[in-house]
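Open your viewer, get your selection tools ready and follow along stop by stop. Each stop says what to select next and what you will find there.

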Amino acid sequence: MLTQARFALLLVVVEAAAAQSPGLEHFERKVRPVLVRSCQGCHGAKIEQAGLRLDSRAAVLKGGVSGPAVRPGDPQASLVVKAIRHLGPRMPIGGARLHPDEIEAIEQWVKNGAPWTDEPTAPPAGSKTIQERTKEYWALQPVTKPAVPSVTRQDWDRTPVDAFILAALEKSKLAPAPRADRATLLRRLTLDLTGLPPKPEELGAFQNDKSPNAYRHVVDRLLESPRFGENWARHWMDLVRYSESHGSQGDFDLPYAWRYRDYLIRAFNQDVPYDQLIREHLAGDLLAAPRINREDQINESMLGTAHLRMVEYGYIPVDALDDQLKVVDNQIDVISKAFQGLTVSCARCHDHKFDPITQNDFYSLYGVLASSRHGQVVIDTPGRLSRHRDELARLRVSLRGELARLWLAAKPDLSTELQPPSPPAAPPAADKKPPEPLKPDYGPLTLWRELKHTTAGDAFRAAWDRAAAGVRKQIADRSEFNARGGFRSVWNLERPSDYNAWFRTGNGLAAEPSKAGQFFVLTEGDRAVNGIYPAGVYSHLLSRKHSGVLQSPRFQIESDSISVRALGGNLAWARVVVENYALGNGGIFPATNFSDDTMRWIRFDTKYRRGSHAYIEFVTMDDRARTPGAAPADGRSHFGAAEVVFHDSDAPPQEEAVAAALLLEGPAIESLAQLSDRYLVTLRRCVEAWNAGTLTPAEAAFLDFFVRNGLVPNSLKQMPAAAAALIARYRALEAEVPVPLRAPGVLIGTAFDQPLFVRGNHLRPGPPVPRRYLEVFGSQPCSSPESGRLELAEAIASPANPLTARVMVNRIWHHLFGRGIVRTVDNFGRNGDRPSHPELLDYLAARFVEEGWSIKSMIRLLVTSSVYQLSSLPSAAAARADTANVLLQHARWRRLTAESIRDSILAVTGDLDTTLYGPGIDVYYTGKTESGGKIGPLDGARRRSVYQRIKRNAQNPFLEVFDSPKPTSTRGQRDSTNVPAQSLAMLNDRFVIEQASRWAGRVIADGGTSVRDRVERMFRRALGRPATAAEVSASLGFLARPGVTGTELLSHHQAWQDLAHSIFNFKEFLYVR
Amino acid sequence: MFDERLMLNRRQLSRRDMLLGTSTGFGLTAFAGLAAESPARKPHFEPKIKSVIFCFMSGGVSHVDSFDPKPRLARDAGKPMPMPVKPTMFNDVKGIMPSPWSFKNYGQCGMPVSELFPHMGSRADDLCLIRSMTSTANEHAQGNFVIHTGQPFLGFPNAGAWINYGLGSENRNLPGFVVLASGGVPLGGIGMYGSGFLPAEHQASLLYPEALEALSNIRPNEEDREQQRRLAFISSMDRQFMGHAGGGDPQIETAIRNYETAYRMQTAVPELMELSGESEATKRLYGMDSPNANTAAYGKQCLLARRLVERGVRFIELTCLMRPSDPGQIGNPWDQHTALKEGHAEMALQVDQPIAGLVADLKARGLLDQTLVIWAGEFGRTPFAQGANGRDHNPSGFSIWLAGGGVKRGFTYGQTDEFGYYAVENNMTVYDLWATVLHLLGVDHERLTYRFGGRDYRLSDVHGRVIRDLLA
C-alpha cells in the first residue's frame, strides 16, 4: 500500500530484477504494483475470493473456481484481462477501474508469458557487494586507540584531547585563541554541566581561588551537583523522544512516565556506566543482577525499558497490524539512531540504500521488539512487595477455621431470613452492544421460593417433583447448550499446566491456580469476607493492593467470539489485545472493565479481528497500559479468571455448576420443614468441604450464595471475639501493605519471528526472519526462546561494537562544544558527515570504554582540556581560513536551550525551586490545544523545565518557541532557530514579565542604599560577571524617570522590573560563549 | 540594529509603509537578518498563484450529501452494500442511506450541488471540483496528519510549512503561514500545523480572531514609548557586549534584528485584525452580519484570509467552529456518526456563505487569479448508514474543490462508483493534491526537498503527480 512512509528505496529491488530480464523488469515496474494495489486485497494471502490468488505465478496459472486466471502468451483467453477490461466479470469489484496504461501493461505481461520474480527472501545478489564495500566504511571499523599526536607548541595542551586539536590547528597554521576569562569560563561550564547560570557567590569563590586547581574544583563541584543529572537527563530525553502521552486523537497519558525521567536524573547523577544504561534500556527487566536503589527500595533497572513505550499510537486503528508496524518502526528508529547512529528504519521496505543494513535486519529487530508486550511493570524491591505477606496468609487460614466453626453452628431461619436475592448486576458489556440476556436464577433459593407457600402432603410432593425436574432440566439444558455451542476450551486456568503456559507478573498472582473455596478479607465495612470463590486464578487473595498481570500466549484469532470466565473489581480489565495495540478499551478492540465480583462468562466479539494475532490479558487497574479515566486512589483492584473458550456462536457458555442441584440429593422432600432441614444439611456439608479444601463447584456456589447474602454470620457484629480480632489484625496489616510502584515497561510474551513485509507492506507478509541484531556485526539468530532483547542489549553494549562508544562520546562532545566531531550526531552512516577529527573520536571512544563507560569521567576529561577553555574570539587568520570554526580555534557561541532559558530566568530571580523528581507539572498555556489537559501554573510551580509535563499534543508554548523538540524520534541535535517569535516571547510573554516583577520585588526587599550597587548585583547575578562602568551608567540612565528622586527610585517597583525585564532580553543572557 | 534614528523613522513612516516593510532601510535590515536564517527561494518556474487558502472541513464532510449526487442511494435505500465493505471505525454497518438533501444544477457548467450549499453552488463556475479524492487514513488524527503533511503522524512538516520553506513570505512583518484559529484545533493536536523537521520558523502562527491577543505575545505590556525606550536600552547594551566580546557572532546580529521585526509585528498584526475599514457590503458578503454567530465568526476568518493574501502571506488555513449543539466535537465538528442531517445542516450554515463570499470577493478584487482556495475535509463519509441516521468515515473516495489561479473553472474531475463508496476514475491522492498546489506556486514537488535523518524528504514523499487535467 502506498500509505507507508519511507517507501523510497524500492528501486534497489527493481533494479536487481531489471538486471535479470526486461520481461521481469516490466513485471516489477508495471504489473506487480497493480496486482498488489488493486487485486491482492481480495485475491491474496488473507482472502481468496472465488478461490483465486494473484500473488504468485503458480497461483495465477492454477486460477480459481472459473479456471486459470492467465494463459501465458494469450491475453484474449486470460480471465484476468477480461475482468479488468470489464468483459464479463468487472474487476476490481467496487474499486477504481484500472487506468488504461495499467490494463495495457497487464496485457503486455501476459503476452510476455507472465514472467514472475519470486519475492526476494535474501538480499538481492547485487547488494552483497554494496555490503562488502560498506563494511570498509570508517564508522564500522573497530575502534583502536590512536597515539596522541606530537605538537610543536608545548605550553598549551593540558589533556590528550588538546594534542589532537592542536595538531590539526598547526597543520592549518593556526594558533588557538587565548584562554577565556574566569567569569566567561565559569558561566560556560556551569551552563554546560547544570543548565543553570553560576551564582554570584560561586563567581566570587572562583575569582578568589588562587590555587592551581581552582578550575578543577569547580568542575568537581558541578559534576556532583544534582542539577547536573537534571541537565544531562534532558539531553537524553531528546534521544528517546521522552513523552508522557501517546499523541494522535485523544493523546492518552502514558501512566507514570515521569518515573523514567527521574530514573535518568538519578542515573546521570550517580554516573551509571553507559553500557549499563544501554542494557537497562533494552532489557532492564531481564538482567540477572539488576541495579537496586536501596534508599527508595526500587529496582532501577526495571525503569530503563520505559522509552520503548514512548510511541505514538493511532486512535482505535481499523488496521491494528498497520499501527503495530508504525510503532515498531519508531522503536527501531529510536534505538538504532540513539545508540548506534544508524538509520535502520530506512530498511523497512528493502535494503538500506547507503548503509549495510538489510531489510532482514529490520524485520529481525521487529521480531525482537514485537515479542515484548506493552504494559506496566512493578519497580519495587521484593522485600517491599512481600510486606506482611506471610502473616496475612497465616491469618487467613486461621480466619477460615474460625468462620467455618461459626457457620457450622449457624441455623439460618429460611422462613424469615431468606429474601429473594436482588437480581445480579448485569455483566459488564464487553463492547457497546447490549449485554447478554440474564439467565434464570438457579441459585440455592430456587426450590425454596417455589415451595414456600405450598402446603404439605401430596400437593407438596407434586410441587417438589416439579421443581426438582425443573432444576434437573436446567442442568441438562445448560450442559446441552454448552455441548452444542461449538465452544473450544482453549485454556482452563484451573489447571496448573494451562496457567503456567500463560505469562504473569505481579505479587498478587500465586505460582499455582487456586482450588475452589478462596475468599478475600474485606478491608472496610461491617462484612468480614466477600464470598467464596470457585476454582481459578486470583490477583488479590492477600490484598487488593497487590499487582497482577496475567496474559495468554499469542494466538491468531480464528473465531467470531472469545469468551472468558472471570470476575474483577475497581476497574481491573480483561482484554483481547490485538497486534499489541496497547490502548484498546472496547468497541473494535474487545475489552471490559470489571465491576462484578462473581465469576461469570463474558463474551468478546472478535469477528472484526479474525486473522489478527492477539493475546488475552487480565490486569488490575494500576497495571493497565492505559489509565482509567477516574481511578480510585487507594490502589485497590483485583481480578479472577478461570477459563477461555473460542466459539463462533453469539452467546457465551453457561455456568454448569447449579447450586440448587445439591438439594436434590437424598430422598424426595415432602414438607417445608424437611426442605428447611435439607438446606441446613447441605449448608453444613458445604462448610465442612470448604474447611477441608474439597469444595465442588456446586458446593462453592451454594456456600458463596449464603455468605454474600448474609445467611451465615458475616457481619463483624455477629462475630465472636476471636474471629473479630483476627479480622481487625488482618485489616491493620493489610493497611500497611504498600501499593506497588508502577512504571511503563515491556512484558515478556510469546517470542516469534516476524515475517518480512514485502516492500514494507504489512499486507504482504514474506518469510519469517529469525530474531537477531544487525547482520553487519555478524549477529546470530537468537538461540533462546525469549524475545532476544537481552542479546540485543549485549550486542549494543559490547566494547567490540564499533559504533556504541563513538556515538556516545560524540554526543557528549556535541553538548560541550556546540557541534559534534561528527556533526550529524544521530547519523554515522554514509549519509551523515564524516568526523572532523577522526583520531580524536577514536581516542575518546577507546578511553571511554577503558574508563568503564563513565560519562562523568569523559565530561571531566573534555572540560578540563585547553580547547574547552578557549575564548570565543577568533584570530583574524582563523576567521578567514575556517569560518565555520571546524578546527575549534576558538569557542563557539551557542544559544541556551529552551529549558536553560526558562530555568535561568527562575534562577536569577531567586524563584527556582530545586525540588527533585515527581509527577510532571501541568503546562501553562492560553492558546488552543487538543486535549491539553489541566492548565498548570504560570511559573510551572517554579520547578526546572525538565519537570514540565510533556503531552504530545500540548507542549509548553514558551519552550517550543525556543526549539524544545517534538517527541517523535531521536533528536540528538536540536534546532537553534533565531526568529522574531522568540523576541516577542521575551518581550511580552506573561511568564517573563511576572518573573521580572518578582526579581524587582526581591531587589527592593534585599535593600541596599545605592542604586548603582543594585545594578551591579543584578548584572553579576544574571550574566555571571561584573558590569562595566559604561553598562552601569547606561542602566542608571534607563532606570531614571522624570520626577522620581534617587531615594524614591530605590522602591520604585516598575523601574526595577523594567531593568530586570531588559536584562532577560540581553543577548548575553540568552547565549553562552 | 535598534537605535534612536529608527524610532524617529518609525514616527515619520506611514502605517502602510511600515507594514510593507520594504520601503526603508529598516525593513531591509530585518529582511537580511531573516534571509540569513532561511534563504527565500526562487520558484522553479513561473508561478500561477502566490497564496493558498485552505478551508479545512474538520471531521469529514459527506461527499454524497454535498458535491457527489448518487441517485442509487435512494433507489437502494436500506439494502446492504453490494460490494465489499471495508472495516469501519464503529463496526456498525447498516443499509444504504439516501441523502436527505436534493441536488440542483448550478451555473453555466451545470454542476450539481446539494441544497446544503446554495452559496457555493452559486460559485459553481469558479470551482474545480474533484470527486475522486482518496486518503490513506480512516481515523481523524491520522487523517488530519495525512492531508496536512502526507504522513499519518506527528513529526512531518505541514504543507504550509513546506511552502513557507520553499518560497518564504512576501511580508516580513507577518508570518508566512497563518492558521486562523476561531475554531477548534483538529484532532491530533496543534503539532499538525508544525514544521516537523523543517526549521521552526516555518511553522504556522496561530491567529485568534476572537481573542484580545490575536497572536501569542503580540500585545506589549506597556506603552509604545516605554517599549521603545526598553528596546533602545537593550540594543545599546547588546552592542556594548558585542564590542567587548570582540565583535560577537552572526547569530547575535540576527537575534538583535529579530527584535526590530518583532516590534513591527506588534503593529502589523493589530492592523491586520482591524476590520473597521471594510465596508458593510463586504462584511455582508462574508455573512458577518448573520444572526448565526458561527457564520459570522467563520465569515470573519474568510475576510481575514483575504486581508492576509493582500499582505503576501503564503498559506492560510481556516478552522471550523464547533457546533453549539455538540460541544464535544470541538476538533471534528463535521463528524456526524449520528444525526447527519442536523449536524451537516448546522455546519453548512456556518461555512457556505462565508466561503462563497470569499471566492466572490477575491474575484472582484482581482485576487482570485493569484490565490488558490482549497475546500476539503480529511475524508468523506460512507454511503451506507451507521446506526439509524449517521455515516462513518470513508477515505476511499470523496470530494474536494479548488478555486483560483491556474486551475480550470466550472470543471469536474474524477468520479466515485455509483454508490459514492470508492473512487473509480482518476483517483487522486493527497500527494497528487500537494504536488499540484506546489506546481501552481511555481515549485517542482520533486525538487523541494529537505535532508533529515539521512534522507531527502518531500511533501509528496515518493509519490504524487501534478494533475495536469486540472490546470487551466
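Two residues are in contact when they have heavy atoms within 4.5 Å of each other. Keep that cut-off in mind for the whole tour, and remember that you are looking at a predicted model.

**Stop 1: A:Q518**

Begin by selecting A:Q518. You will find A:Q518 in the loop of chain A that runs between β5 (503–505) and β6 (537–538). Show everything around this residue, then hide the neighbours within four places in sequence: what remains in contact with A:Q518 is A:R396, A:G531, A:I532, A:Y533 and A:L541. Which of these side chains forms a polar contact with the side chain of A:Q518? The partner is A:R396, and the two side chains are joined by a polar contact of 2.9 Å.

**Stop 2**

Now zoom out and select chain A. In cartoon view, this chain shows 38 helices and 19 strands. Along the principal axes, its C-alpha atoms fill a box of roughly 120 × 90 × 55 Å. Of the 1073 residues in chain A, 61% are buried. Looking at contacts in chain A with a separation of 6 or more, 73% come from residues 24 or more positions apart.

Chain A exposes about 39200 Å², and 53% of that is supplied by carbon and sulfur atoms.

**Stop 3: helix α13 of chain A**

Select residues 274–283 of chain A, which make up helix α13. How many of the 10 residues of this helix are buried? The count is 10 of the 10, so helix α13 of chain A is largely enclosed by the rest of the structure. Show the side chains and you will see that the buried residues of α13(A) include A:D275, A:R279 and A:E280, along with A:Y274, A:L277 and A:I278.

**Stop 4: A:R806**

Stay in chain A and move on to A:R806, which is found in helix α26 (residues 804–817). Is A:R806 buried or exposed? At 2% relative accessibility, A:R806 counts as buried; the cut-off for that label is under 20%. Look for A:D842 beside it: the side chains of A:R806 and A:D842 make a polar contact of 2.8 Å. Beyond four places in sequence, the residues in contact with A:R806 include the run A:W138, A:A139, A:L140, A:Q141, A:P142 and A:V143. Also among them are A:F828, A:L841 and A:A845.

**Stop 5: all of chain B**

Switch to chain B, where there are 13 helices and 18 strands. The radius of gyration of chain B is 23 Å, close to the 23 Å that the globule rule gives for 472 residues, so this chain is as compact as a globular protein of that length. The box filled by the C-alpha atoms of chain B is roughly 80 × 55 × 40 Å along the principal axes.

Of the residues of chain B, 66% count as buried. The chain exposes about 15700 Å², with carbon and sulfur atoms supplying 51% of it. Chain B also carries 47 positive and 50 negative side chains, and the centres of these two sets lie 3 Å apart.

**Stop 6: B:C109**

Select B:C109, in the loop between β3 (103–106) and β4 (111–114) of chain B. With 31% relative accessibility, B:C109 counts as partly exposed. Apart from neighbours within four places in sequence, B:C109 is in contact with B:A124, B:D125 and B:G410. Draw a distance between the C-alpha atoms of B:C109 and B:A124: these residues are 15 apart along the chain, and the atoms are separated by 7.2 Å.

**Stop 7: B:G287**

Next comes B:G287, in the loop between α10 (280–285) and α11 (293–310) of chain B. At 0% relative accessibility, B:G287 counts as buried. Setting aside residues up to four places away in sequence, B:G287 touches B:T295, B:A296 and B:Q353.

**Stop 8: helix α13 of chain B**

Finish with residues 430–440 of chain B, helix α13, which is mostly covered: 11 of its 11 residues are buried. Among them are B:Y431, B:D432, B:W434 and B:H439. After α13(B), pick out B:G442, which has a positive phi, near 85°.

Terms used:
Residues numbered from 1 in each chain as written. Chains lettered and ligands numbered in written order. Predicted model: local features only at pLDDT ≥ 70, side-chain atom pairs only at ≥ 80, totals over all residues. Heavy atoms only, no water. Helix = DSSP H or I, 4+ residues; strand = E, 2+ residues; numbered from the N terminus. Polar contact = N/O pair within 3.5 Å; in protein donor to acceptor, adjacent residues only side chain to side chain. Buried < 20%, exposed > 50% of the residue type's maximum accessible area, 1.4 Å probe, protein only. Areas by Shrake-Rupley, 256 points an atom, 1.4 Å probe, with all protein chains shown as cover. Rg over C-alpha atoms; globule rule 2.2 N^0.38 Å. Lys, Arg positive; Asp, Glu negative; His and termini not counted. Charge placed at Lys NZ, Arg CZ, Asp CG, Glu CD.
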